[in-house]
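This report looks at an annotated residue and the elements packed around its strand. Please have the sequence and the structure open while reading.

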Amino acid sequence: MTIRVIIVDDQNMVRAGFAALLAAQSDIDVVGEAPNGKVGVDVSRKTHPDVVLMDVRMPEMDGLVAARALLDPPPGVVHVPKVLMLTTFDVDDYVYEALRAGASGFLLKDAPPADLISAVRVVAAGDALLAPSVTRRLITDFAKQRPRNDQSLRLNGLTPRETEVLVLIARGLSNQEIAEHLVLAEQTVKTHIGKVLSKLDLRDRAQAVIFAYESGLITPGEQ
């Protein structure tokens, strides 16, 4: 199945470069571009992409506001794309809020081309992606916060196995690694992850990581 992508960035050369790179892939189709978040939302509503590559800092409407508009649409709008945030700032203050809003991940603009292509495929498949340097900053921010009681109470709805799986997700393990760690079939792990996301009303693994830290289930530096 072809992955439909739009690129939202205020720099013409960046949009052109990303579009050429992605369009050259047999499984990716670039169906639109936009120079700011406002136009990006309009283009997304018209083209119904699977993935929106969204720059963080743009005029008129920045990437965070645009991502919120796409991920929490008004009544009557049924299409909700995956949003992959692009930034040149690995210490960007928007990281945390964008992930809480439902973005599927962050990628630095200076990442190798192969990483961008892989990121689009990963996000389109429903998984989350965080650049390593962004992840380190995110975890540092979590270290400054106190666990939220309302989040910790929601943990009571998970079974012991589901809680264990959530911990491993927060530590960055893949499905295969979780399966090996718990000596389970990978399909069983996928089932557990689906139940965790459903019970906690989370969009994807990125939000699961945030929840694990906000609830106090896991703390930065914990092994």
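The sections below cover the basis of the model, the annotated site, its strand, a helix and the nonpolar cores.

## Basis

The model is predicted, with local features requiring pLDDT of at least 70 and side-chain atom pairs counting only at pLDDT 80 or more, while totals for chains, interfaces and linings use all residues. Residues are numbered from 1 along each chain as its sequence is written, and side-chain values use heavy atoms, without hydrogens and water.

## The annotated residue

An unreviewed UniProt entry annotates D55 as "modified residue: 4-aspartylphosphate". UniProt positions follow the numbering used here, feature names are shortened, and annotations may be inferred rather than shown by experiment.

D55 belongs to strand β3, residues 51-55. Helices (H or I, at least four residues) and strands (E, at least two) are DSSP runs numbered from the N terminus. D55 counts as buried because its relative accessibility is 5%; buried means under 20% relative accessible area, exposed over 50%, and partly exposed in between (1.4 Å probe, protein chains only). Apart from neighbours within four places in sequence, D55 contacts V8, D9, D10, G63, M85, L86 and K109, where contact means heavy atoms within 4.5 Å.

## Strand β3

In β3, 5 of the 5 residues are buried, so the strand is largely enclosed by the rest of the structure. V51, L53 and D55 lie on one side, V52 and M54 on the other, and both faces are covered.

β3 runs parallel to β1, with 4 bridges joining them, and V8 is opposite M54. β3 is also parallel to β4, through 5 bridges, and L53 is opposite L84. Strands pair if DSSP finds at least two bridges between them.

## Helix α1

The buried residues of α1 are V14, R15, F18, A19 and L22. They sit on the same side of α1 because they cover an arc of only 125 degrees around the axis, taken from the directions from the helix axis to the C-beta atoms. These buried residues pack against β1, β2, β3, β4 and α5. The face turned away from them carries exposed N12, M13 and A20.

## Nonpolar cores

A nonpolar core is a set of buried Ala, Val, Leu, Ile, Met, Phe, Trp, Tyr and Cys residues joined through side-chain atoms within 4.5 Å. The largest has 24 residues, of which V8, V52, M54, V83, M85 and F106 touch the most other members. Its largest share, 5 residues, comes from α3. A second, separate core of 23 residues includes V167, I178, V196 and A208.
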